[in-house]
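This briefing is for a reader meeting the structure for the first time.

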Amino acid sequence: MDEYNRFVDWDKMDVTVQSQDAKELTCTEFQELKQLARQGYWAKNHSLRAKVYHKLISNIPCRTVTPDANVYRDIVVKIVGKRNSSSLPLPEFVDNSLVPTYCLNAEGIGAVRKIILCIANQFPDISFCPALPSVIALLLHYSKDEAECFEQVCRILACNDPSKRLIDQTFLAFESSCMTFGDLVNKYCQAAHKLMVAVSEDVLEVYSDWQRWLFGELPMVYIARVFDVFLVEGYKVLYRVALALLKFFHKVRAGQPMESDSIQQDIRAFVRDIAKSVSPERLLEKAFAIRLFSRKEIQLLQMANEKALQQKGITVKQKRQNVHLAVHAENFKSEIVSVKEMRDIWSWIPERFALCQPLLLFTTLEHGCSLSRFYSHSEGHEPTLLLIKTTAKEVCGAYLSTDWSERRRGGNKLSFFGTGECFVFRLQPEVERYEWVIIKHPELATTGSEPENHAPPASSTLSSGSIPSDPSDRLSPFLSARHFNLPSKTASMFMAGSSECIIIGGGDGQALYLDADLNHGRTSHCNTFNNQPLCSESFQISILEVWGFRD
């Protein structure tokens, strides 16, 4: 262990990490490495972990010219000079991030700053990388000297495998990851998300802290366990652990008053003190119990979020308008929902569209109860938001990810389309959101389970030939039916339209039917998941509105 002892203050380290059990790592197969990393095989042996890190990082495919230890030795004196390393200014791209000490001694703490400055010199293309100080501080534990740590970090930064994402190095990548995390929270941590919406004016500002929870607030023992798996499995692990942290925060703090006037500060404090309530093993267990979407699907969502930011011209750091600003009180007028209710709906939609403002496309009060006019005003807009108020004062609606013009693909035949981002909801008498049944219960994707008989059979007209070659060209590429191994009868069953009716369904067994005159509607409800019905089984429409999304 002596060769990896230089930067560690062992008086501050957990004594259990100092185990001297003789262990070697001989496996090279990914699945076996994955299991060993998750089990913490090398977590109790400092020297073994150092050797494993060196092996895993040395296998990362990198650019042809990647700075190594010799480069560091050549440049460090020129860059640092005789300045006190503990007071060296950090480059702007770390965004005033915390520089965690992680039980480093004084030499190690100074070394973090020196290595950051040398990386800034060798990687001029890095414009935003707040996770870097934490990664360097952690790897110093498992490096023989500063130069070796520098080389390992450089290999991580210089990874050129397009399928292997490691550390965000631009604001565009970072911000889109925050939006992606927000989308995942919306899917997998709905109770926590509801709390964030209730107590925070800007939900994305809370979620933009997600990397700080991991690379800054999380104690050394925890982030080291996360990093073990991260080096084997990649970026997706970070999302998993951050989701688990949010789930535990909500569970532990549920019903308790906030400890500060900021939910961000409360979450940071919880993560810092996580050892009081959750062990590293339990945290990882929770993280890997989440039935997260595949790496490819998350990549598609990330691409869509990046594209949305680029279209808005948001590629450098700036304050993103929050949910309360996206729905301007002075510019918004609906005969169905209040500004507050529209803001609640806005908190449910995918983050890339929360950048937009609502635009009224169709209302029965102005355009009449004509299905053809409904289509003519709605087509060409993707996504859209449908709002309905019944004569019994019930309010429900649907977020529809796909352009209504897609209905023509089936000719005169009623065919279904849409993506898994669609959902139906009700606002009155109680607020409830119903997700696409396959999204909330992914096990149905493999069991071949079909909906109740009262749900309409979906047409299989959505053939592979209708799928764009470049998924990033679609506004809603994520969670399309093609990403699931679904029977053809249940594939893509969310929205359908003809000259005679509109059908919207699939959300936790909820289905909504609207007649051609847009005066009458009915619902069907599958009791499989014990949810309350969307609204009355048969109802009369008082007002119907369709909203689009304006840049």
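A224 sits in helix α11, which covers residues 220-233. The model is a predicted one. A224 counts as buried because its relative accessibility is 0%, under the 20% cut-off.

**Around A224**
- Leaving aside residues up to four places away in sequence, A224 touches R49, Y53, L138 and Y142.
- G40 is 184 residues from A224 in sequence, yet the two C-alpha atoms are 9.8 Å apart in space.

**Strand β2 and its partners**
- Strand β2 spans residues 384-390, and six of its seven residues are buried, so β2 is largely enclosed by the rest of the structure.
- β2 runs antiparallel to strand β3 (residues 395-400), and six bridges join the two.
- T384 has L400 in β3 as its bridge partner.
- β2 and β3 make a hairpin with four residues between them. In that turn, K393 has a positive phi of about 70°.
- β2 also pairs with strand β11 (residues 538-550), in the antiparallel sense and over six bridges.

**A second hairpin**
- Strands β5 (residues 423-428) and β6 (residues 432-435) run antiparallel and are joined by four bridges.
- Three residues connect β5 to β6 in a hairpin.
- V424 stands opposite Y434 in β6.

**Helix α17**
- Helix α17 takes in residues 339-346; six of these eight residues are buried, so α17 is largely enclosed by the rest of the structure.
- Its buried residues are V339, E341, M342, R343, I345 and W346.

**Helices α12 and α13**
- Helix α12 (residues 236-253) packs against helix α13 (residues 263-272) with the axes 10 Å apart and at an angle of about 100°.
- That angle falls in the range of 65 to 115 degrees, so α12 and α13 are roughly perpendicular to each other.
- On the α12 side, the contact involves L245, L246, F248, F249, V252 and R253. These meet I263, D266, I267, F270 and V271 in α13.
- Sorted by class, the contact of α12 with α13 has nine nonpolar residues, two charged residues and no polar ones.

**Salt bridges**
- Side chains of opposite charge can pair when their charged atoms come close.
- Across the whole structure, a search finds 21 salt bridges.
- One of them joins the side chains of K144 and E3, at 3.5 Å from N to O. This pair links distant parts of the chain, 141 residues apart: K144 is in the loop between α5 (132-140) and α6 (146-157), and E3 is in the segment before α1 (30-39).
- K144 counts as partly exposed because its relative accessibility is 38%, and E3 is partly exposed at 39%.
- E406 and R409 form another salt bridge, with their closest N and O atoms 2.6 Å apart. E406 is buried, having a relative accessible area of 17%, whereas R409 is partly exposed at 47%.
- In the salt bridge of R522 with D515, the closest N and O atoms are 4.0 Å apart. R522 is partly exposed at 42% relative accessibility, and D515 is partly exposed at 28%.

Notes. Residues numbered from 1 in each chain as written. Predicted model: local features only at pLDDT ≥ 70, side-chain atom pairs only at ≥ 80, totals over all residues. Heavy atoms only, no water. Buried < 20%, exposed > 50% of the residue type's maximum accessible area, 1.4 Å probe, protein only. Contact = heavy atoms within 4.5 Å. Pairing = 2+ DSSP bridges. Axes fitted to C-alpha atoms, helices over the stretch in contact; angles between N-to-C directions. Parallel < 35°, antiparallel > 145°, perpendicular 65-115°, else oblique. Nonpolar A, V, L, I, M, F, W, Y, C, P; charged D, E, K, R; others polar.
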